[in-house]
Amino acid sequence: MTEIFKMPDIGEGMAEGDITSWLVKVGDTITADDPVAEVQNDKLIQEILSPYTGQVTKLFVDAGTTVEVGDPLIEFDGDSSGENNLDNSQVSQSSISSNVVETENSTPQNTIINENNAVQVANGRVLAMPSVRHLAYEKNIDLTKVPATGRHGHVTLADVENFQELDSSASTQPKMSTTSQHEPSVAAYEKNESAPVLREGRQPMTPVRKAIAKAMDTQVAIPTVTNFDSVDVRKLVDHRNAFKEIARDDKGLRLTYLAYAVKALAAVAKKFPELNASVDMKAQEIVYHDDVNMGIAVDSPAGLFVPVIKNADRKSIFTIAQEITDLAESVRDGSITSNQMQGGTITISNLGSARGTWFTPIINGKEVAILGLGSILKEPIVNDDGELAVGRNMKLSLTYDHRLIDGMLGQSALNYLKQLLSDPAYMLMEV
């Protein structure tokens, strides 16, 4: 009996997703709950599981295709009878006409294993996550030459890194040369030919970049204001220095200034609830949130992700530091889940680690405020005694939705944030 597996909704309000790669091919026999494909919805790549048991008889779309929720993905023969109990209306003609994968191209015989044991599918696509592809691009590595050790023949980050080490090691080995020292060798010509990586011309957006562009498009209509300021954080620097070894030795975590900033901004969001809200223009309402769920912008080889620390106002700085580490690792190894990316009410973007100072962060999603953290710089200040001294100034940029937050309110919130960051003892008494 034939069954059709259609594109499921794997996220809140998902309308479509990209088939990043197939994990099955025509002829495979699978059981219910086996993973059958990787689907990218916004910035996340998730495996989708089969609801059916049986033999795969058709893949309706090629890897890399964008598919709407409800469109057919896989045809199964559940009992090997070949009987078709489907109404033709169950299959989208538009999807079939443009996206059907020729079954001949999906047979096992068309899978190529090159001389380096790297797996390459018949249509030339190497199975690899976007982060892996980006890393290979940055290192100028041809993915088709990288031996794949991941599940279903996927190339992993470790495969790319190991390949680079082996390649570097090989390139440093002394080689016999039959050419004159005054004549360029063939190897030199080959190296010169492959060294430059030019970007001139058009290139398709990656799924992550498309998701970022789509999110930014929705923010164009929001009138924003950014207040720039700085705060002397000498006491904060001393506090972190006093506790970072305790954090490392006793708890095995890295205590960063970002953890302090998350705690402080969570307190600001409680004191100024307009910063922890949303604007519903359709209903002409302001939506206030009880929970303070802090998004933290995390850079990765695949692009920018914003995982969320839930209930940040109720957690200790150590706990926040641990969650920052865990979420950042999940982003960078590609294991971040949709649940870890949802529910944010206010966000922090940190350019301090890149030696950035002030910038204009862009509000995330339906939120109304975002804090930009810059570097902590040694700068001249006038201390409380009216003397010139060396301060440790942290740069702050607070962007907010001017439909809800006026300048005075924005600056008052920023002043409270500065008060908390300038004195950790006061912050721990206050929040």
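This is a predicted model: local features need pLDDT of at least 70, side-chain atom pairs count only at pLDDT 80 or more; totals for chains, interfaces and linings use all residues.
## Ground rules

Residues are numbered from 1 along each chain as its sequence is written.

## Nonpolar cores

A nonpolar core is a set of buried Ala, Val, Leu, Ile, Met, Phe, Trp, Tyr and Cys residues joined through side-chain atoms within 4.5 Å. Buried means under 20% relative accessible area (1.4 Å probe, protein chains only). The largest core holds 61 residues, and V262 and M294 have the most contacts inside it. Helix 7, residues 257-271, gives the most to this core: 11 residues. Helices are DSSP runs of H or I, at least four residues, numbered from the N terminus.

What does M294 touch beyond its neighbours within four places in sequence? Its contacts (heavy atoms within 4.5 Å) include V262, L265, A266 and P307. A second, separate core has 21 residues, among them F5, M7, I30 and V67.

## A threonine in a strand

T226 lies in strand 11, residues 224-232. Strands are DSSP runs of E, at least two residues. The side chain of T226 makes a polar contact with the side chain of T399, at 2.6 Å. Such a contact is a pair of N or O atoms within 3.5 Å; within protein, one must be able to donate a hydrogen and the other to accept it, and residues adjacent in sequence count only if both atoms are side-chain atoms.

## Charges over rings

The charged end of R240 sits over the ring of Y257, 4.6 Å from its centre. The charged end of K271 sits over the ring of Y416, 5.0 Å from its centre. The rule asks for NZ of Lys or CZ of Arg within 6 Å of the ring centre and within 35 degrees of the ring normal.

Notes. Side-chain values use heavy atoms; hydrogens and water are left out. Buried means under 20% relative accessible area, exposed over 50%, partly exposed in between (1.4 Å probe, protein chains only).
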